[in-house]
Amino acid sequence: MTQLSIRNVVKRYGDAEVIRRLSFDIQPGEFAVFVGPSGCGKSTLLRMIAGLEEFHEGEIAIGGRVVNALAPSQRDIAMVFQDYALYPHMTVRSNITLSLKVAGMAKAEIQRKLDHVAGVLQIGHLLERKPRELSGGQRQRVAMGRAMVRDPKIFLFDEPLSNLDAKLRVDMRAEIKQLHQRLGATMVYVTHDQVEAMTLADRIVVLRDGRIEQVGTPAELYAQPVSKFVAGFIGSPAMNLLSVDIVQGNIALPGSSRWSPEGVASHVNIKADLGLRPEHLTLSDDGPGLQGRITLIEPLGADTLVTVAVADTPLVARLPGDTVLQLDAPIRLAFNPAKAVLFGTDGLRLGAAAAAQTTYVH
Ligand SMILES: Nc1ncnc2c1ncn2[C@@H]1O[C@H](COP(=O)(O)OP(=O)(O)OP(=O)(O)O)[C@@H](O)[C@H]1O
Ligand SMILES: [Mg+2]
């Protein structure tokens, strides 16, 4: 049975339609991550699932039961908000344990759960404080703790790690992933952070202006983005885009081989954008390649990110960390056309299998 079913939902604020006839199903135990730019409707959608936001059309069902008319407390969900929403007059301890007390759980069991989350979240020393005496990151961890002690049908997370420092963020990300694996719980998670999306998600949903732009596994979205918009959102550094002319179905780049991408008919003459992931660019000492000049070197340890100005376009290549590189020096980058993706001027990927099986034309 589908755990969460969103059917043709529409939400308007005044005249503005912010969720636009959106449908999506989440299976039991699935970890779904919603990503998209600020204002695209992520929080609104999550609040609709939680029952905190009414909507105008459509249906939301949890565990097979339509919940449109149910109050948040009747939906068996736990939500961690973007802005924490802690009870200001209660201590951290009470904020975390309130739902367990209300449910009539035994004192010893409540204590055990509290000890566990306080340890994981490193908030043991804050239990007697009130929310106003906490930093943003500490409040966020308390909000996480409040959800973690429960055992709901669905966890809803709205950017729960956005206020944490880098180290804690990585730790908490791992903790959420383990929580998911341990509980086998269904999770819906909203984030701006594409690393969080890639590492946590079974499936990523890319939202744009209240609509779904693409749904897929992280690997699918990474390798086969349907549009430049998705390509720009998934992967860091972002996919490089190089403007090219397709002439009679062929692409010719200066200093590079001419080739005819699969899925582009031989009579086609159009402008397109060639999408190249940084790790698909390699150093080419001789043979064909894109000629450019190094404008930036960013060593990351295992890899080095090199920005190369090819004509007027900066391309970022991810090269092995021990590659010898010099600022301003000329460089030639090769790429495997089979890994490249092509986007038309409308921003959509050309042909489903475009560039997937490319034959070189020398
Ligand atoms: N109470 C409201 N009244 C009017 N418009 C609203 C209200 N709440 C949200 N909006 C608008 O609805 C749209 C979606 O907002 P939402 O908060 O869902 O975006 P988001 O994707 O979560 O963005 P962010 O990444 O910045 O949190 C935005 O254009 C926002 O301005
Ligand atoms: Mg939001």
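How far from an oxygen atom of ligand 1 does a backbone N or O atom of Gly39 lie?

Analyst: In this predicted model, the distance between a backbone N or O atom of Gly39 and an oxygen atom of ligand 1 is 2.8 Å. Gly39 belongs to a group of 13 residues that surround ligand 1. The closest of these are Ser38, Gly39, Lys42, Ser43 and Thr44. The backbone of Cys40 also takes part, with an N or O atom lying 3.3 Å from an oxygen atom of ligand 1. Lys42 contributes through its side chain instead, where an N or O atom is 2.8 Å from an oxygen atom of the ligand.

One helix pair can be described in detail. Helix α3, residues 107-121, packs with helix α4, residues 136-148, at an angle of about 145°, and their axes are 10 Å apart. The crossing of these two helices is right-handed. From α3, the contact is made by Val117, Val120 and Leu121; from α4, it is made by Arg141, Met144, Gly145 and Met148. By class, the α3 and α4 contact has 5 nonpolar, 1 polar and 1 charged residues.

Two points of backbone geometry remain. Glu159, in the loop between β7 (154-158) and α5 (166-183), has a phi near 45°, a positive value in a residue other than glycine. The peptide bond from Ser236 to Pro237 is cis, with omega near -5°; Pro237 lies in the loop between α8 (228-233) and β11 (240-247).

Conventions:
Residues are numbered from 1 along each chain as its sequence is written. Chains are lettered from A and ligands numbered from 1 in the order in which they are written. This is a predicted model: local features need pLDDT of at least 70, side-chain atom pairs count only at pLDDT 80 or more; totals for chains, interfaces and linings use all residues. Side-chain values use heavy atoms; hydrogens and water are left out. Axes are lines fitted to C-alpha atoms, for helices over the stretch in contact, and angles run from 0 to 180 degrees between N-to-C directions. Helices (H or I, at least four residues) and strands (E, at least two) are DSSP runs, numbered from the N terminus. A crossing is left-handed if the near helix is turned anticlockwise from the far one by less than a right angle, and right-handed if clockwise. Contact means heavy atoms within 4.5 Å. Ala, Val, Leu, Ile, Met, Phe, Trp, Tyr, Cys and Pro count as nonpolar, Asp, Glu, Lys and Arg as charged, and the others, Gly among them, as polar. A residue is near a molecule or strand if one of its heavy atoms lies within 4 Å of it. A polar contact is a pair of N or O atoms within 3.5 Å; within protein, one must be able to donate a hydrogen and the other to accept it, and residues adjacent in sequence count only if both atoms are side-chain atoms.
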